[in-house]
Amino acid sequence: MMEEINYVNAQTTFSVSYRKARSHHMKINHLHSSYEFFYLMSGQRRFFIKDRTMIVDEGHIIMIGPNVVHRTTDAHTSEYERLVVNIHSEELAWAEGVSPDLINQLLDHEYLILKCPPQTAMLIEELSRSIIKEIRERNHGFELYAQTLVFQMLILCSRHLLNSSVDSTEVQNPAAYERIFEVVRFMNSHYMQDMSLSLVAEKFYISPYYLSRFFKEATGFTFIEYLNHVRVKEAKQLLESSSMKVNLIARKVGFGSITHFGRVFKQVTGQAPLYYRKKG
């Protein structure tokens, strides 16, 4: 049985997505300016974030910062249930004002992977079910109610992080993919250069076939999809933080054509480049 519930507010600063399904691969356009909180309620997922792949299972919470390239795909078992909340820093501002230490220790990371102890896990499960119920029924004030539940989840996660002596990101990273992650790290720092599958394969002394096949398996992205995501991520940050012209940004991050840049940018973010231009 599949069930899917989605909600995005009018300002696009808060969204909730619930899915219970047998199989799913994340859509291509998934680079966002919000914080993402992914709670795996049951099953297993393969999670690629930045330059590593992890198999996460029931009870894991993954927190991902803005503009961090990531993707989820099916793991050993394809049936799963998950809740994803995206919340913009605007919506978190008041909480940072009230309790900066508590909130910032969660937000000051590109990503975090948490597995809470049983008692906390039970509370997070209850809060998640309540969020889903609010979004499903949409009674008066449901968005505010859902946000207050999300903040309770964040507080619980923050308390766990404060009390935990274990490395919260200690999730298995398959050793078989280490060569691919070397390629990923190279792409993360050399994205502005001319780059093709065959050139990179040659640099790392592997065949283009091997690179193509195992890059997709390890990351969930094709080689060119990932390169586009990294370039767009950098372009998006320049658009938000500088007054550099769009055509110069396109060239700076490695695109040869402004038309191609515009098309790829919209495919990855869902918006045209000027949507992210810093407002004066």
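The structure is a predicted model. Its largest nonpolar core has 38 residues, and apart from that core lies another, of 37 residues.

**Helix H5**

- Helix H5 covers residues 178-190, and its end C-alpha atoms are 18 Å apart. This agrees with expectation, because 13 residues at 1.5 Å a residue should span 18 Å.
- The buried residues of H5 include Ile180, Phe181, Val183, Val184, Phe186 and Met187.
- Among the elements that cover these buried residues are two strands, E3 (35-49) and E4 (52-57). Helices H6 (197-203), H7 (208-219) and H8 (223-241) also contribute to this cover.

**Nonpolar cores**

- Within the largest nonpolar core, the residues touching the most other members are Met187, Val200, Leu211, Phe215 and Tyr226.
- Two or more residues of this core come from each of H5, H6, H7, H8, helix H9 (246-252) and helix H10 (258-269). The most is given by H8, with eight residues.
- Tyrosine 226 touches Val184, Met187 and Asn188, as well as Phe48, Lys50, Val69, Phe215 and Phe221, when residues up to four places away in sequence are not counted.
- The other core, of 37 residues, lies apart from the largest one and has Tyr18, Val85, Ile87 and Leu92 among its residues.

**Helices H1 and H2**

- The axes of helix H1 (residues 89-98) and helix H2 (residues 100-107) come within 6 Å and cross at roughly 130 degrees. H1 is therefore oblique to H2.
- On the H1 side, Leu92, Ala95, Glu96, Gly97 and Val98 take part in the contact, meeting Pro100, Ile103, Asn104 and Leu107 of H2.
- By class, six nonpolar, two polar and one charged residues make up this contact.

- Serine 15 is placed in strand E2 (residues 14-21). Its relative accessibility is 16%, so serine 15 counts as buried, the limit being under 20%.
- Not counting residues up to four places away in sequence, serine 15 touches Tyr7 and Val8, together with Val84, Val85 and Asn86.
- Glutamate 4 belongs to strand E1 (residues 3-8). Its relative accessibility of 36% is why glutamate 4 counts as partly exposed.
- Leaving aside neighbours within four places in sequence, glutamate 4 is in contact with Tyr18 and Arg19.
- The C-alpha atoms of glutamate 4 and alanine 21 are separated by 8.1 Å, with the two residues 17 residues apart along the chain.

Terms used. Residues are numbered from 1 along each chain as its sequence is written. This is a predicted model: local features need pLDDT of at least 70, side-chain atom pairs count only at pLDDT 80 or more; totals for chains, interfaces and linings use all residues. Side-chain values use heavy atoms; hydrogens and water are left out. Helices (H or I, at least four residues) and strands (E, at least two) are DSSP runs, numbered from the N terminus. The expected span of a helix is 1.5 Å times one less than its number of residues. Buried means under 20% relative accessible area, exposed over 50%, partly exposed in between (1.4 Å probe, protein chains only). Contact means heavy atoms within 4.5 Å. A nonpolar core is a set of buried Ala, Val, Leu, Ile, Met, Phe, Trp, Tyr and Cys residues joined through side-chain atoms within 4.5 Å. Axes are lines fitted to C-alpha atoms, for helices over the stretch in contact, and angles run from 0 to 180 degrees between N-to-C directions. Angles under 35 degrees count as roughly parallel, over 145 as roughly antiparallel, 65 to 115 as roughly perpendicular and the rest as oblique. Ala, Val, Leu, Ile, Met, Phe, Trp, Tyr, Cys and Pro count as nonpolar, Asp, Glu, Lys and Arg as charged, and the others, Gly among them, as polar.
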